[in-house]
Amino acid sequence: MTDLTAPTEPPSLSTLTLERQAIDALLALQHLIDDYTPEHESRVANLALRIGRQLRLNDTQLETLYLAARVHDIGKVNIPLEILNKPGKLSDAEFALIKTHAQASYDVLNRIAFTLPVAEIVYTHHEYLDGSGYPRGLRGEQIRLESRILTVADIVESMSEDRPYRKSLGLEAALTEIRRLRGTRLDPLAVDACLQLSGDDGATAWQQESVQSATL
Ligand SMILES: [Fe+2]
Ligand SMILES: [Fe+2]
């Protein structure tokens, strides 16, 4: 099976040099605080780019998606590492604090005059199609396609890689989870593209409308 999060080259549009530098500067700062989050963002960006290519996004959309994915959790700099990396269950207050990172990421990125909707894509990376996400409870078409791709990539990477507070749950568990959420929380096309990349055409898998067992 291909390594879905291995490095892959973005289109690198020549007009975006400043945007890329601004993102690199933010990531350099984030690395000073916590190495794990930028590494997670980088793997998510690689997978999001692969899904975007599978869906035949154009070069501008691909580069926007890649840039947004690389800094999608930048707002986590505001959250104490002992909460971010806490093993076991979070309290309601701790979870509420972690959820503030989507707004914080947007507030930081929105200060850069991007010619592309990088800040908006980051703002909605925890929104779900059925309106059950955060921070604004947006639904369906209110969430840009690039963001819906980013959400799928984020879930797959988060579950299939080791995290500071737990070992990997495995790629199969991650793919089962996105199949379960396909069409309710997650964009069906983005899910299908990710499953195809993983070597699973899934033609029958999600028709069985799988088990309601896995949780995030
Ligand atoms: Fe996030
Ligand atoms: Fe993330």
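**Close-up views of a predicted model**

**View 1. V152 and its neighbours.** Not counting residues up to four places away in sequence, V152 touches I51, I178, L186, D187, A190, V191 and C194. Keep in mind for every view that this is a predicted model.

**View 2. The largest nonpolar core.** Here V152 turns up again: along with A48, I51, L65, A153, V156 and I178, V152 has the most contacts inside the largest nonpolar core, a set of 45 residues. Two or more residues each come from α2, α3, α5 (92-109), α6, α7, α8 (171-181) and α9 (188-197). The largest share, 7 residues, is given by α7. As a bit of background, nonpolar side chains in soluble globular proteins tend to be buried together.

**View 3. Where α7 meets α9.** These two helices pack at an angle of about 45°, and their axes are 9 Å apart. That makes α7 and α9 oblique to each other, and their crossing is right-handed. On the α7 side the contact uses R148, I149, V152 and V156, while α9 brings A190, V191 and C194. Sort the residues of this contact by type and you get 6 nonpolar, no polar and 1 charged.

**View 4. A cis peptide bond at P135.** Look at the step from Y134 to P135: this peptide bond is cis, with omega near 5°. P135 sits in the loop between α6 (118-123) and α7 (145-160).

**View 5. R56 and its positive phi.** R56 is not a glycine, yet its phi is positive, near 60°. You'll find R56 in the loop between α2 (36-54) and α3 (59-70). Is R56 buried or exposed? R56 has 9 other C-beta atoms within 10 Å, so it counts as exposed.

Methods: Residues numbered from 1 in each chain as written. Chains lettered and ligands numbered in written order. Predicted model: local features only at pLDDT ≥ 70, side-chain atom pairs only at ≥ 80, totals over all residues. Helix = DSSP H or I, 4+ residues; strand = E, 2+ residues; numbered from the N terminus. Buried ≥ 20, exposed ≤ 12 C-beta atoms within 10 Å, placed from the backbone. Core = buried A, V, L, I, M, F, W, Y, C linked by C-beta atoms within 7 Å. Contact = placed C-beta atoms within 7 Å. Axes fitted to C-alpha atoms, helices over the stretch in contact; angles between N-to-C directions. Parallel < 35°, antiparallel > 145°, perpendicular 65-115°, else oblique. Left-handed = near helix turned anticlockwise from the far one by under 90°. Nonpolar A, V, L, I, M, F, W, Y, C, P; charged D, E, K, R; others polar.
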